[in-house]
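Grab a pencil and work through these exercises with the structure open beside you. Try each task yourself before you read its solution.

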Number of protein chains: 2
Amino acid sequence: MKVRVTVMLKDGVLDPQGKAIGHALQTLGFDGVQDVRVGKVIELDLHGVKAEEAHEKAGEMARNLLANLVIEDYSVEVVA
Amino acid sequence: MKVRVTVMLKDGVLDPQGKAIGHALQTLGFDGVQDVRVGKVIELDLHGVKAEEAHEKAGEMARNLLANLVIEDYSVEVVA
């Protein structure tokens, strides 16, 4: 079972990486870029679990390791 | 218009970050983790464009800056 965990910085937390990408895009001539936010996506291949259990397990992994809950939010999506 | 660009390593490209997360999850007692792949997600807030144009523009940004096309694949999704 493949599960995707997306980890993004919470709103209001400064995103220097996003700012840098925004400036670089402008330098390359892309206009109209109002905001850029960068996050992580972690694709987990879990063996021997059904969708619901996989979703729960990935959430637990996010809370314990994948996301820093002080500054990041996470979302879990069962892909296949 | 919000567009999400997801950048993942191509299949077959070694993912040391994914391996490290896999080992860490095992150490924390999560069994059944067969594979872990890590990628980037970039959320772009584009001003004054419709969905189709936003999708095209984000694809161009991915090809020019956001993804290293030698080792990475990207996907574009118009979010809102």
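**Exercise 1.** Find out which strand gives the most to the lining of the second largest pocket, and describe that pocket.

*Solution.* Keep in mind that this is a predicted model.
- Step 1: The top contributor is S1(B), with 4 residues.
- Step 2: Look for the other contributors. S1 and S2 of chain A, along with S1, S2 and S3 of chain B, each supply at least two residues of this lining.
- Step 3: Sort the lining by class, and you get 5 nonpolar, 2 polar and 8 charged residues.

**Exercise 2.** Work out the strand order of the open sheet, and say which strands sit at its edges.

*Solution.* 
- Step 1: Recall that strands of a sheet pair through backbone hydrogen bonds, either parallel or antiparallel.
- Step 2: Walk across the 6 strands: S3(A)-S1(A)-S2(A)-S2(B)-S1(B)-S3(B), with antiparallel pairing.
- Step 3: Check the ends. Strand S3 (72-78) of chain A and strand S3 (72-78) of chain B each pair on one side only, which makes them the edge strands.
- Step 4: Zoom in on one pair. In chain B, strands S1 (residues 2-9) and S2 (residues 33-46) are antiparallel over 7 bridges, and B:Arg4 stands opposite B:Glu43 in S2(B).

**Exercise 3.** Describe how the helices of chain B lie on the sheet.

*Solution.* 
- Step 1: Start with helix H1 (residues 16-27) of chain B, which packs on the sheet and touches S2 of chain A as well as S2 of chain B. The direction of H1 makes about 120 degrees with that of S2(B).
- Step 2: Move on to helix H2 (residues 51-66) of chain B. H2 lies across S2 of chain A plus S1, S2 and S3 of chain B, and runs at about 160 degrees to S3(B).

**Exercise 4.** How are chain A and chain B related?

*Solution.* 
- Step 1: Turning by 180 degrees, with 0.0 Å of shift along the axis, superposes chain B on chain A (RMSD 0.0 Å).
- Step 2: The two copies are therefore related as by a two-fold rotation axis.
- Step 3: Find the residue of chain B that comes closest to this axis: that's B:Lys40, at 2.3 Å (C-alpha).
- Step 4: Compare the contact surfaces. The copies meet through the same surface, because 100% of the interface residues of chain B are also interface residues in chain A.

Methods. Residues are numbered from 1 along each chain as its sequence is written. Chains are lettered from A and ligands numbered from 1 in the order in which they are written. This is a predicted model: local features need pLDDT of at least 70, side-chain atom pairs count only at pLDDT 80 or more; totals for chains, interfaces and linings use all residues. Side-chain values use heavy atoms; hydrogens and water are left out. Two strands pair if DSSP finds at least two bridges between them. Contact means heavy atoms within 4.5 Å. Axes are lines fitted to C-alpha atoms, for helices over the stretch in contact, and angles run from 0 to 180 degrees between N-to-C directions. Copies are superposed by least squares on the C-alpha atoms of residues with pLDDT of at least 70 in both. Ala, Val, Leu, Ile, Met, Phe, Trp, Tyr, Cys and Pro count as nonpolar, Asp, Glu, Lys and Arg as charged, and the others, Gly among them, as polar.
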